[in-house]
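Here is a short walk through one structure. Take the overall layout before the surface detail.

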Amino acid sequence: LRELNVKIDQLQEKGSDLKDDAKVKWNEQLDELKVQRDHVSEKLEEFNDASADAWEGLKQDLDTAWDNLKNSYDNAANEIDEEV
């Protein structure tokens, strides 16, 4: 998650050079990416605090949230590379 935070910061820096509509769209995508990152962080906290019985269900939730976050990051990174 720390590594992904660094990558998100790097994407944010790249996106700062965009203009007009591209920048608005980019900022919306970046905001959504940050929401998903926060969701993964919350799931990770739940996971760390979970009992052994709840662990398996939370693991699946965390895996799904992580996959969604990674896919969103990959999509955003591809779009910013196309725009810049």
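**From fold to surface**

From the N terminus on, the elements of the protein chain run α-α-α. The protein chain has three helices and zero strands; both are DSSP runs, numbered from the N terminus, with helices being H or I of at least four residues and strands E of at least two. This is a predicted model, where local features need pLDDT of at least 70, side-chain atom pairs count only at pLDDT 80 or more, and totals for chains, interfaces and linings use all residues. Residues are numbered from 1 along each chain as its sequence is written, and side-chain values use heavy atoms, with hydrogens and water left out.

Now the overall form. Along the principal axes, the C-alpha atoms of the protein chain fill a box of roughly 50 × 15 × 15 Å.

Among contacts in the protein chain between residues at least 6 apart in sequence, 67% join residues at least 24 apart.

Next, the surface. The protein chain exposes about 5900 Å², by the Shrake-Rupley method with a 1.4 Å probe; for residues, only the protein chains shown count as cover. Carbon and sulfur atoms supply 43% of that area. Of the 84 residues, 25% count as buried.

Trp66 is found in helix 3, residues 52-83. Why does Trp66 count as partly exposed? Its relative accessibility is 32%, and buried means under 20% relative accessible area, exposed over 50%, partly exposed in between (1.4 Å probe, protein chains only).

Notes
Contact means heavy atoms within 4.5 Å.
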